[in-house]
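Visitor: I am new to this structure. Please take me through one part of it closely, the aromatic rings and what surrounds them.

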Amino acid sequence: MKVLLLKDPKERDSGPDPYIKELGAYGFEATLIPVLSFEFISLEGLFEKLSHPESYGGLVFTSPRALEAIKICLKENSKNEVWSKSLKQMWNTKPVYVVGKATASLVEEIGLIPQGEKSGNAEKLAEYICSREKPNHSALLFPCGALKREVLPAVLREKGIALESLTVYQTTQHSDLQESLSSYFSQQGIPASIVFFSPSGVKFCLQHIQKLLGDFSNNIKFAAIGPTTAEAMEAAGNPASCTAESPTPQDLAAGIQKALHLQNC
């Protein structure tokens, strides 16, 4: 059975994408179609803030893209040198909160120690932060995207925990998206399951996919990587048949297997 994954391939060069690998272990033939493009902005401002860890109580990351922005900054030798010699150690005296394993892994790559990675979504991460931070202390620095949800900032604000947001990337539709989707359906046919990985993916893909599926839409098991994406699917009138218990390849593959097995019983 075929599964269509509406996500970018993994960033690193080592081995296959973990979602394709895990679904393959269940006997699924998975294909990736990139949905989003990212434009990085305010990088000088970002590094300026990173250069003053004494001004902040810690860092918050809810997206791998925010770490990519930092890695772009660190490609400059002078910035990388000051990061390695002093800034990294200074930030490591403070908490670095992350929403999931993918983000945690990228935090480790720049030499920082993540915490909160089992949270899995912004709501749970906000609860985790509130259990560890005291009100009215130094603000947490939050590099984020232009389309960030307000859940985490709102919860922290309510608890009196200061958060300083800085938009470091903008999200747009991938230039080849519609062509890639049309090509997939014409060459591979109708998949057993289609997986959305973000609310932006729902926004940019769903309408086009529904046109391509036509009357076959009811035969598809639509899946979501997490509750935020599932909410976006529900709001768009296309509820998820299954939502991964946590945003990992293992939980997604198990959820799809269960949903398709129930369909075939």
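**Rings and their surroundings**

Guide: The charged end of Arg132 sits over the ring of Tyr128, 3.7 Å from the ring centre. Keep in mind that this is a predicted model.

Now the ring pairs. Pairing here requires ring centres within 6.5 Å. By this rule there are seven aromatic pairs. One of them joins Phe38 and Tyr169. Phe38 lies in strand β3, residues 36-40, while Tyr169 lies in strand β8, residues 163-173, so the pair ties together parts that are 131 residues apart in sequence.

How exposed are these two? Phe38 has 22% relative accessibility and counts as partly exposed. Tyr169 is buried, with a relative accessible area of 9%. Tyr97 and Tyr128 also pair: their ring centres are 6.0 Å apart and their planes stand at 80°, so this pair is edge-to-face. Tyr97 belongs to strand β5 (residues 96-98) and Tyr128 to helix α6 (residues 122-130), so the pair ties together parts 31 residues apart in sequence. Tyr97 is buried, at 1% relative accessible area. Tyr128 is the ring with Arg132 over it. Back at Phe38, there is a cluster: Phe38, Phe40 and Tyr169 form one aromatic group.

Next, a look at Leu156. This residue lies in helix α7, residues 151-158. Leu156 is buried, with a relative accessible area of 0%. Beyond its neighbours within four places in sequence, Leu156 is in contact with Ala126, Ile129, Cys130, Leu140, Ile161 and Leu163. Pro135 is 21 residues from Leu156 in sequence, and their C-alpha atoms are 9.0 Å apart.

Last, the wider setting. The chain is divided into domain 1 (2-35 + 176-262) and domain 2 (39-172). Their centres, taken over C-alpha atoms, are 28 Å apart. The contact takes 11 residues from domain 1 and 13 residues from domain 2. Between them the domains bury about 840 Å², 46% of it on carbon and sulfur atoms. The count of salt bridges between domain 1 and domain 2 is one. Arg65 forms a salt bridge with Asp8, with the closest N and O atoms 3.0 Å apart.

Definitions and conventions: Residues numbered from 1 in each chain as written. Predicted model: local features only at pLDDT ≥ 70, side-chain atom pairs only at ≥ 80, totals over all residues. Heavy atoms only, no water. Phe/Tyr/Trp six-rings, centres within 6.5 Å; stacked < 30°, edge-to-face > 60°. Helix = DSSP H or I, 4+ residues; strand = E, 2+ residues; numbered from the N terminus. Buried < 20%, exposed > 50% of the residue type's maximum accessible area, 1.4 Å probe, protein only. Lys NZ or Arg CZ within 6 Å of the ring centre and 35° of its normal. Contact = heavy atoms within 4.5 Å. Domains from an automatic or database assignment. Buried area = accessible area lost by both parts, 1.4 Å probe. Salt bridge = Lys/Arg side-chain N within 4 Å of Asp/Glu carboxyl O.
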